[in-house]
Amino acid sequence: MKNIDWGKLTFSYTECEKLVRCSYKDGAWGPLRVTTDMTIQIHAAAAALQYAQQAFEGLKAYRGVDGVIRLFRPLENARRLADSAKAMYMAVVPEDLFLEACRISILENLDYLPPYGTGATMYLRPILIGTTPKVGVAPAHEFEFMVVATPIGPYFPAGFGTTPFIINRHVDRAAPLGTGQYKVGGNYAASFRATEPAHEQGLGVLFLDSKEHKYIDECGGANFIGIRDGVYVTPLSASILPSIINRSLRTLCYDFNIDVEERQIPVEELSMFQETAAVGTGAAISPISRIYDPDKQLTYEYGDAPGPVCCRLFNTLRDIQFGRAEDNHGWCTIIDEH
Ligand SMILES: *Cc1c(COP(=O)(O)O)cnc(C)c1O
C-alpha cells in the first residue's frame, strides 16, 4: 500500500504506476500490454488529434467492508464503449478484452486502491482513440485502447450535500441527431464554454434540448432526475448519455415500489419537483439545492440538504458498492486479490 494520505485525496487525477494498453492493427486486436510509462507516442496527424475520433468510459472500483474489490457493472461500460466505437467509426473493443484490461489495471495498481473507510475509490478511465495519421478527412484503421487508473477522493468530502445549478440556453452540448448519446470527448470540448464559466461560480450546468430549448436534457456530465410526489422522473431524449447509474437507480426504485417515469420534462415542471439531482458514476447522486434560470430570472428551490428519496437511493447504492448490502442484481464484478 502506498503512503498516500487517502483522506486528502480530491476528486482529481493522482498518478498511478501502470498503464494498460492494447493496439488494433491489420484488422485485429493485439495482446494487452502493461507499461510504467503513462505517456503514449502517437503520430501528430493521428485521426484522434485531427478529427476527435475518440471515445471513453468511466467506472469505479471499490474496496469493500470485507476487503473484497468490486467493480461496478463493467459489462455495461464495455457495451456502451462498443456503441460509441461504432458511432465514431472505430474498431469495437470486445467485452472480454475490456473486462480483462480493467481487471489488470486494478491489480497492477493495487497499491493505489484506497482502503475501505476513507470514502476514496479507484477510478478507471478506458479510452479508445484512432491513431492512423490522417490529413484528408477519413477515419483511422489503427486504434489504441488504454485504461488509465487513478485513486480519487469522495465526491462529497464534507458529507453528502447539495450543489446549485444554472440553466444554459445559449450553448448546446449535442445536436438532436448528433453524438449526445455517445460517450465521446468532443461533446465535452463543445460544452466547456458553458460549464467552465459556471464552475467558476460554483454552479453546475443544466442543458436543455437543443431543438426547442423547452425540455430538460442533462447536466453535461451526468443525467438529470427529479422526484415529483414520490415518482422518480428522468428525461427521455435522444441526445443524452444513457447513464449506468441512472439505470441502476431506476432498478432500485422498482425494488422500493417507487414509480419511474422516463419522459420529456418541460423546464416549467422544475417547480413541481420536491427533489432534483445529477446522477452518474462520479457522485452517484449529486442532489441540487437550486436551479437558476437566468433568461427567465427565476430560481427553483429544493433546499440545502439532500431530500429523503435521494438519501435512500444514495445509501442503498453505496452499500452495494462497498459490500455492505446484498448485491441482489449481480451488479458487482469481484476482482480477485493476490
Ligand atoms: C458518463 C456520463 C454520464 C454518466 O454515466 P454513468 O454511466 O452513470 O457514469 C452522464 N452524462 C454524460 C454526458 C456522461 O459522459
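These legends accompany close-up views of a predicted model of a protein chain with a ligand. In this predicted model, local features need pLDDT of at least 70 and side-chain atom pairs count only at pLDDT 80 or more, whereas totals for chains, interfaces and linings use all residues. Residues are numbered from 1 along each chain as its sequence is written, and side-chain values use heavy atoms, with hydrogens and water left out.

**View 1. The two domains of the protein chain.** The domain assignment divides the protein chain into domain 1 (6-152) and domain 2 (163-321), the bounds coming from an automatic or database assignment. Taken over C-alpha atoms, the centres of domain 1 and domain 2 are separated by 26 Å. In contact (heavy atoms within 4.5 Å) are 20 residues of domain 1 and 19 residues of domain 2.

**View 2. The area buried between domain 1 and domain 2.** About 1,700 Å² is buried between the two domains, 64% of it on carbon and sulfur atoms; buried area is the accessible area (1.4 Å probe) that two parts lose on being put together, summed over both. On the side of domain 1, Phe56, Phe72 and Arg80 lose the most area to domain 2, together 35% of what that side buries.

**View 3. The salt bridge between Glu76 and Arg247.** The side chains of Glu76 and Arg247 meet at 2.6 Å, N to O, in a salt bridge, a term that requires a side-chain nitrogen of Lys or Arg within 4 Å of a carboxyl oxygen of Asp or Glu. The count of salt bridges between domain 1 and domain 2 is one.

**View 4. Residues around the ligand.** Of the 15 residues around the ligand, those that come nearest are Arg80, Lys183, Tyr188, Ser243 and Thr281, a residue being near if one of its heavy atoms lies within 4 Å of the molecule. An N or O atom in the side chain of Arg80 is 2.8 Å from an oxygen atom of the ligand, and for the side chain of Ser243 the corresponding distance is 2.6 Å. Ile245 places a backbone N or O atom 3.0 Å from an oxygen atom of the ligand.

Methods: A polar contact is a pair of N or O atoms within 3.5 Å; within protein, one must be able to donate a hydrogen and the other to accept it, and residues adjacent in sequence count only if both atoms are side-chain atoms.
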